[in-house]
Amino acid sequence: MTDPPGATMEGMSGTWIELTEGVFARRYAELDLTVGLVLGAERALVIDTRGDTHQGSEWAAAVRDRTSAPITVALTHAHFDHCFGTAAFGPVRVLAHPGCAAAIARSADDQRAEWVARYRDRGDDATADALAASVPVPPEPAPPRLDLGGRVVLLRHLGRGHTDHDLVVDVPDADVVFAGDLVEEGAPPDLAEADVAAWPATLTALLELGRSIVVPGHGAPVGPEFVAQQRDRLQEVADLCARVQAGTLSAEEAARRSPYPGVPWP
Ligand SMILES: [Zn+2]
């Protein structure tokens, strides 16, 4: 595939971060997305597939530079930037929370239409065209445990939060957990589809895994203190929402007091 006009290698390709032996994050400028790769002796687990088939092809090639092992894909959730690139990985096993397949079936067309329009508004026709041509692969229900050969990963749903089906990929022997958009670094968490009342407890459950490195769905890997701070801010949002619902605080005042000013209110 030729590069679209205006695209640069910097814009298209990513930056590897080796977290520990055989466990990688890869960061992209586009939406500050962060995806993951976990290598075992027998197979490789790819965590999220980027936002369209063109982006997914770059990611799949980067994975192939690191390993020739058979690939399994785990999707953290159904938002297009995490799962519309799956087809580029070919006929592989694709795993997610059962709610992810339902959310893809329900929302893929709307997500595509919304974001194709956004990219066209920005003058990024190349990404708009790639997204318009991308169809997400329906995932199958993830087993709780996956043996990659000498390394076991745990696929966990810790509760509702960013969506109703967030899957976290826990790599106990590496002391790393991939949290998807339950954790966002560099930008406020996305509350648009969130269950804000449930999200803080889900992050407490994430902290109770005891991992030193938490890989967010966007931004740089963080530690538990960052997750705790985000949990506490989301609790403030949840408390404000509860007061609005109880009629003791106006929505305007709640938005003004929000720890995430300017983030669309749930
Ligand atoms: Zn998301």
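# Close-up views of a predicted model

View 1. Leaving out neighbours up to four places away in sequence, Ala41 touches Leu148 and Gly149. The model shown here and in every other view is predicted. Ala41 sits in the loop between strand S3 (34-39) and S4. Is Ala41 buried or exposed? Ala41 counts as exposed, because its relative accessibility is 70% and the cut-off for exposed is over 50%. Ala41 and Gly149 are 108 residues apart in sequence. In space, their C-alpha atoms are 4.6 Å apart.

View 2. Four residues give the donor atoms: His77 through NE2, His79 through ND1, His162 through NE2 and Asp181 through OD. These atoms lie 2.2 to 2.3 Å from the zinc ion. Along the chain, the donors follow the spacing H-x1-H-x82-H-x18-D. His77 is in the loop between strand S5 (71-74) and helix H3 (80-83). His162 is in the loop between strand S9 (152-156) and strand S10 (168-171). The pair therefore ties together parts that are 85 residues apart in sequence. His77 and His162 are both buried.

**View 3. The geometry of the zinc site.** What is the geometry of the site, given angles of 89 to 172 degrees among its four donor atoms? The site is irregular. Four donors count as tetrahedral only if all angles lie between 85 and 135 degrees, so the angle of 172 degrees rules that label out.

**View 4. The largest pocket and its lining.** The largest pocket holds about 610 Å³ of space. Its lining is made up of 26 residues. Those closest to the pocket centre are His79, Asp81, Trp115, Arg118 and Asp190. One of these, His79, is also a donor of the zinc ion. Three elements each supply at least two lining residues: H3, helix H4 (98-121) and strand S11 (176-184). Which element gives the most to the lining? That is H4, with six residues.

**View 5. Thr49, a buried loop residue.** Thr49 is placed in the loop between strand S4 (44-47) and helix H2 (53-66). Its relative accessible area is 0%, so Thr49 is buried. A polar atom of the Thr49 side chain lies 3.4 Å from the backbone nitrogen of Gly85. Setting aside residues up to four places away in sequence, Thr49 touches several others, including Gly56, Trp59, Val73 and Leu75. Further contacts of Thr49 include His82, Cys83, Phe84, Gly85, Thr86 and Phe89.

View 6. Where is Leu31 found? Leu31 is in the loop between strand S2 (23-27) and S3. Asp32 is found in the loop between S2 and S3 as well. Leu31 is not a glycine, yet its phi is positive, at about 60 degrees. Asp32, also a residue other than glycine, has a positive phi near 50 degrees. Leu31 is partly exposed, with a relative accessible area of 27%. Asp32 is partly exposed too, with a value of 26%.

**View 7. Glu253 in helix H8.** Helix H8 (residues 251-257) contains Glu253. Glu253 counts as partly exposed, because its relative accessibility is 22% and buried means under 20%. Leu240 is 13 residues from Glu253 in sequence. The two residues are 9.1 Å apart in space, C-alpha to C-alpha.

Terms used. Residues are numbered from 1 along each chain as its sequence is written. This is a predicted model: local features need pLDDT of at least 70, side-chain atom pairs count only at pLDDT 80 or more; totals for chains, interfaces and linings use all residues. Side-chain values use heavy atoms; hydrogens and water are left out. Donors are N, O and S atoms within 2.8 Å of the metal (3.2 Å for Na, K and Ca); water is not among the atoms, so sites may look incomplete. Four donors count as tetrahedral if all angles lie between 85 and 135 degrees; four count as square planar and six as octahedral if opposite donors are over 155 degrees apart and all others between 65 and 115; anything else is irregular. Helices (H or I, at least four residues) and strands (E, at least two) are DSSP runs, numbered from the N terminus. Buried means under 20% relative accessible area, exposed over 50%, partly exposed in between (1.4 Å probe, protein chains only). A polar contact is a pair of N or O atoms within 3.5 Å; within protein, one must be able to donate a hydrogen and the other to accept it, and residues adjacent in sequence count only if both atoms are side-chain atoms. Contact means heavy atoms within 4.5 Å. On a 1 Å grid over the protein atoms alone, a cavity is a set of points where a 1.4 Å probe fits but cannot get out, and a pocket is an open set with protein on both sides within 12 Å along at least five of seven lines; lining residues have an atom within 4 Å of a point. Grid points are joined across faces, edges and corners, and a volume is the space filled by probe spheres set on the points.
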